[in-house]
Amino acid sequence: MMDAFAGRLFGPDLPGAGVEATARWDDGGRLRIIHGGGEMTAAEPQIAAAGFNAAGLSLSWEDEAGSHAFFVETEGARAACLAAAPAQHAARLAAATGQRRRVERSFRLGWAVLLLLLLLPLLALGAFFLARDDLAGWVVRHIPYEQEARLGDLTLAQTRLQMQLAESGPAVEAVRAIGEPLTAGSPHRYRWFVADRPDLNAFAAPGGVVVVHAGLLRSADNAEEIAGVLAHEIAHAELRHSLKTMVKGMGLRALVAVALGDFSGTALAEAAKNLTELGFSREAEREADRDGLRRLVTARIDPAGMVHFFEKLAKHQGAAPPALLSTHPAIEERIAELRREVADLSGNWLPLAIDLTAVKAALPTP
Amino acid sequence: MGMDVVDYEIFGTEMQYVEIELDPGEAAVGEAGAMMYMQDGVQMDTVFGDGSQQGGFFGKLLGAGKRLITGEGLFTTIFHNEGKGKRRVAFASPYPGKILPVKLDEIGGTLICQKDAFLCAAKGVSLGIAFQKKLGTGLFGGEGFIMQKLDGDGMAFVHAGGTLMEKVLAPGETLRVDTGCVVAFQPTVDFDIQYVGKIKSAIFSGEGLFFATLRGPGKVWLQSLPLSRLANRIIASAPAAGGRSTGEGSLLGAGLLGGLLGSDE
């Protein structure tokens, strides 16, 4: 006597919803079913995965009365049925099990794909955050210098609306004389300007546009200090920092829009963009400090001027924070780092032949 | 697990409600908001989940989470008779159709039904979800990927739209059904889809690309009017939603004149 397994029997003379029954395989490989109303034998039952989600096992056969089916639902009964099944049914039982597994597998796969689709924008956002510097660098490498120069022209036009820019005169000549040696080997065509502004500031627009505020020239004690600031700004231009910031900002905005399904450009996207700009700037400033220092050394200009001027800026910060340092909270840290690096350097620096007094005299009176 | 045996009576023809008689101490579980009236002595108790879980907090949380997936509330309401004699509580079906009473023990203890179909049941019937795992059926079968599973051996009541059709499928017998018309079936029934066969039919017959197919053995219940179809027609003819009140059949009314003039505003 082999193990019996429970199931539900359907047939022409039975209630439509089936009746509870038990079955077992007999020695001849036939299926014997016992239910409340009697007993049945199926010599050659058809075996298939059946029912909702193909989760059950259907053993069906035909006789004179009509079609019958014995339906195995529970896991235990299924296992008992498989264990006791005669060899001639093994292949079809395995096929039925395989069919059920395929349904399960495709279902799980479907869920995984769905989950992935839902998470994709977030994953992309995360990946972007992690690799934003590399990505921006990659994009920026593919922007030709002519385009960057055009962007510089646009920035220059914008700047002209806000301030008076001198393109010639002793001050501009002095700035050019100090700056040109620092731009050795640059693909940019540098343009130098002096803005009629009293504050301590200088900035570099993309494509080699360098603007120095008159206030900065006025407060400089020697030409080396001006050289230090110019080296820093030229480093920004050479490292294409403004382009990278722009690319990152645009990319992030687009990604946030996709992730949130919001294409109107909301406050959240703006906030996120500003966040990266800030995170970018600190690293970029440090990079510009290092590169600027290298440029000074290559041009054999005394880098102590750079440190001095930064100290001057830091002192100034108490009263009215100069724009040059507005996003640089770690100015002391930067100065300390610069001082450390400068201390290691030694060399016979070439003095800059600039008559700073004459330059200051030529500046328009504030 | 002893199920509460309930006597019931269904009232109405097309917009029905079911009145359940509770012996002292007996209880019924109702879908939130389905209760229509209850007599003195029936206490209402709102529980997290479906009231059948015994497995502590996490069991209840899981049960409630599953209910949320099927589009129902996190809570179910249990109505129990704290009185001395028999008391009655009634649950009304939320849209035109029929209420289907099912004795779960007669069909093997489990009923798969479309989500939202559940109305009420004897306490102890567990309301679970049954994922439709055949991707094609989930996408095109009209019932989605999430169906409801009622387990237990007591009475359960589900409601269907329009007229209810109960059919017994013999082993291997197949019924092709318009998608959306399947209300409930025994788990021995194979629910699948079948391509309509001809591209012309697929595009112009109005039946869509696929039929739902139900293959026996077992009992299936179909509804003649899925709520979504009714809702579509109502929206299509609601003036507020840009529809037109044509086809009223009156010569003088909006039917002919309004139709001829093309506008009823």
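Author: A term to start with: two strands pair if DSSP finds at least two bridges between them. Also, keep in mind that this is a predicted model.
Reader: Thanks! In what sense do β4(B) and β7 of chain B pair, and over how many bridges?
Author: β4(B) and strand β7 (residues 87–92) of chain B are antiparallel partners, with three bridges. M38(B), for example, has V89(B) in β7(B) as its bridge partner.
Reader: Nice. What is the strand order in the open sheet?
Author: The order is β1-β2-β7-β4 (chain B), four strands with antiparallel pairing. At the edges sit β1 (7–11) and β4 (35–38) of chain B, each of which pairs on one side only. From one strand to the next, the twist averages 20 degrees.
Reader: Switching to helices: at what angle do α7 and α10 of chain A pack?
Author: Helix α7 (residues 223–238) and helix α10 (residues 304–316) of chain A pack at about 85 degrees, and their axes are 7 Å apart. Angles of 65 to 115 degrees count as roughly perpendicular, so α7(A) and α10(A) are roughly perpendicular to each other.
Reader: And which residues meet there?
Author: On the α7(A) side they include E224(A), A227(A) and V229(A), and on the α10(A) side M306(A) and F309(A) are among them. By class, that contact of α7(A) with α10(A) has six nonpolar, three polar and two charged residues.
Reader: Last one: how many residues of chain B are in contact with chain A?
Author: 22 residues of chain B contact 23 residues of chain A. On the chain B side, β11 (126–131), β17 (190–195) and β19 (218–223) each give two or more residues. That side has twelve nonpolar, five polar and five charged residues.

How values were computed
Residues are numbered from 1 along each chain as its sequence is written. Chains are lettered from A and ligands numbered from 1 in the order in which they are written. This is a predicted model: local features need pLDDT of at least 70, side-chain atom pairs count only at pLDDT 80 or more; totals for chains, interfaces and linings use all residues. Axes are lines fitted to C-alpha atoms, for helices over the stretch in contact, and angles run from 0 to 180 degrees between N-to-C directions. Angles under 35 degrees count as roughly parallel, over 145 as roughly antiparallel, 65 to 115 as roughly perpendicular and the rest as oblique. Two residues are in contact if their C-beta atoms, placed from the backbone, lie within 7 Å. Ala, Val, Leu, Ile, Met, Phe, Trp, Tyr, Cys and Pro count as nonpolar, Asp, Glu, Lys and Arg as charged, and the others, Gly among them, as polar.
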